[in-house]
Amino acid sequence: MSKSFCSFVAVPLLAALLPAQVDPQLAARIKEEGLQRSQVMAILDHLTNSIGQRLTGSDNFTLACEWTKAEFERMGLKNVHLDEWGEFPVIWNRGQWQGRVLTPEPIELQVATEAWTAGTKGRVSGTLRPMPKTAEDVAALSGLAATSYFWGSRPSSAAVRRAFDALVQKEGCLGFVARAGAAHPRFPTRMRVFGNHRVNPNNLPTIPNIVVRQDQAARIEELLRGPDAVTIEFDIRNRFRAGPVKLHNVVAEIPGTEFPDQVVIVCGHLDSWHMATGTTDNGTGTASTMEAARILAAVGAKPRRTIRFILWGGEEQGLLGSNSYVRRNRTSMNNVSAVFNHDTGTNWAQGLTVTPSMVDDLKLALAEIESMTPPEPDAGVDGDREPVPVLELTVADRMPARGGSDHASFLAAGVPAWSWTLKGRSDYFNYTWHTQWDTFDIAIPEYMRHTSTVVALAALGTANLPNLIARDGVMRAVGTDATPVLEAALGVELDGMTFKSVKPDGRAATAGIRDGDVVTHVNGEEVTDFGRLMRALRPREGAEPPRLTLKRGSGEASVVLEPVELPRQPRGEGRPERTPERAPERPRDPVIR
Ligand SMILES: [Zn+2]
């Protein structure tokens, strides 16, 4: 984002000077319900420990849709339904993943696979051999492949790769094994796996692709350099089942008493990746959305506008559920006042970034939050221990033109939409996000109680405003931040135009991209911005696959990548949104019971 694009000013709420949109007595009951009788950790517990990971299209995801729908009904919400947005051709479920080195020294391994990849046929042991580097290496493997696992990246020479593929095609092999990528200097054993749901149901993968934790992978590489044969055993319970499987968002409402067609949306995505139990991504956002609904239902809140709670599916595959929802409901997007999305973890909801035209309305809508106590007065990650106010509006000239979560689908349609700014001691992006550590124990109960209560108050306050939230400065048609989708599709971590880490056997590694490569040109044209790169990587009818020129150390390399399906990305800055003409509303007392 260029400097001129946005200017930021943090403003205090000054609630004391303003009439609240939530009656103070009702607000007190909301706070009591949310802070003293909270159910948010029980919801999160069921979601992550009883259901588990909720990969889109898995049986767990379907189960999570059914369970959350039943819970909304039990809370007494209205118009509770599953909102179908698509289907996947096959169902993929993971069970246990086990691996161990048997000889020359026993090692219990921590292993993982991408979603929509093959498992083993039961517990299968075999010889672990390094991936061949030369044609002679391939020839020497004749007759051995069927009982072998192969270690490391695929052969870099195209000719050797073809010869090796032909051998595997003829003889079969037990699986490909590699070092898990995506470690972090502070978290060297971190593992992250993703996956591509676009499998061909008539030609499903049959050979497992397994990754091993970094430190254990290093030991395996030492063993492979030693004199003794390395035998290894895996039991990878990845199972495909014939589809198609219908995919849903879950929707529930508290109908508006005065303007039922006008809506405030509270949301979070229900789906997760499959590595752990999807606690901070996004069990926390799911649980706070459900708990906000429960709190408002429990106190009998009667908002002027409808509050609609939505749990999205397919977020991790590129905001699929919310994109579809916005597309299918595009004619009623002018009736959506605001969208409060909760993603990015267990830290507490502390702020929103808004445009100048929204400030006054939001000060009214959020006034009752200001008297709350921050769950941790000086919370911050990594020594950032400055005291922070309980709620802060950051004013920018325009709504942030990016966001890797479902609110971006609404911003693209010109709707004021936020992902809460979170504060606190949890290190989401480095530690829990998409890793093996994203489990229930890392959720912070006092933060979760606080956030759910804030979400409930914000939704009710916004639904009770005299008008819809102004849209000036919302950058319509500005798309989503597709970085995580691109990273998942290619099997890399990106830092701007640099491939910070390249996962062995991912699409980028297979194409020959290495750690530290920097993209300079696509199809001979210089690219310096990420949007340009994204557009170049999209599939185009009849076009050659994109050729990337890479700066590698002091040299240069060139690779051809298969095109990647990605969410739409902005051209330029997008088109500023204007507040739609509204029918004049009769003036009324702003305090609503
Ligand atoms: Zn998420």
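Of the 593 residues of the protein chain, 56% count as buried, where buried means under 20% relative accessible area, exposed over 50%, and partly exposed in between (1.4 Å probe, protein chains only). This is a predicted model, in which local features need pLDDT of at least 70, side-chain atom pairs count only at pLDDT 80 or more, and totals for chains, interfaces and linings use all residues. Residues are numbered from 1 along each chain as its sequence is written, and side-chain values use heavy atoms, with hydrogens and water left out.

**Whole chain**

Colour by secondary structure to begin. The protein chain has 15 helices and 24 strands; helices (H or I, at least four residues) and strands (E, at least two) are DSSP runs, numbered from the N terminus. Among contacts (heavy atoms within 4.5 Å) between residues at least 6 apart in sequence, 82% join residues at least 24 apart.

**Nonpolar cores**

A nonpolar core is a set of buried Ala, Val, Leu, Ile, Met, Phe, Trp, Tyr and Cys residues joined through side-chain atoms within 4.5 Å. Select Ile-30, Phe-72, Phe-309, Phe-410, Trp-418 and Trp-420: of the 98 residues in the largest core, these touch the most other members. Helix 12 (residues 445–463) gives the most to this core, with 9 residues. Apart from it lies another core, of 26 residues, among them Trp-97, Ile-107, Tyr-149 and Met-191.

Return to Trp-420 and show its surroundings. Not counting residues up to four places away in sequence, Trp-420 touches Phe-340, Asn-341, His-342, Ala-349, Gly-351, Leu-352, Leu-391, Val-454, Val-455 and Ala-458.

Thr-344 counts as partly exposed, at 26% relative accessibility.

**Helix 5**

Move to helix 5 (residues 158–171), whose 14 residues should span 20 Å at 1.5 Å a residue; the end C-alpha atoms are 20 Å apart, which agrees. The expected span is 1.5 Å times one less than the number of residues. Which residues of helix 5 are buried? They are Val-160, Phe-164, Leu-167 and Val-168. These cover an arc of only 95° around the axis, which puts them on the same side of helix 5; the arc is that of the directions from the helix axis to the C-beta atoms. Their cover includes helix 4 (135–140), strand 6 (148–151) and strand 7 (175–179). On the other side of helix 5, Arg-162, Gln-169 and Lys-170 are exposed. Gly-172, with a positive phi near 80°, follows the helix.

Select Leu-35 in helix 1 (residues 24–36). Leu-35 and His-450 are 415 residues apart in sequence and 6.7 Å apart in space, C-alpha to C-alpha. Beyond its neighbours within four places in sequence, Leu-35 is in contact with Met-372, Arg-449, His-450 and Thr-453.

Then take Asn-79, in strand 2 (residues 78–103). Asn-79 lies 174 residues from Glu-253 in sequence and 5.9 Å from it in space, C-alpha to C-alpha.

**Backbone exceptions**

Most residues other than glycine have a negative phi, and most peptide bonds are trans. A cis peptide bond joins Thr-103 and Pro-104, with omega about 0°. Another cis bond, also with omega about 0°, joins Gly-243 and Pro-244, and Pro-244 is found in strand 9 (residues 230–254). Finish at His-434, which is not a glycine but has a positive phi of about 65°. His-434 is buried, with a relative accessible area of 5%.
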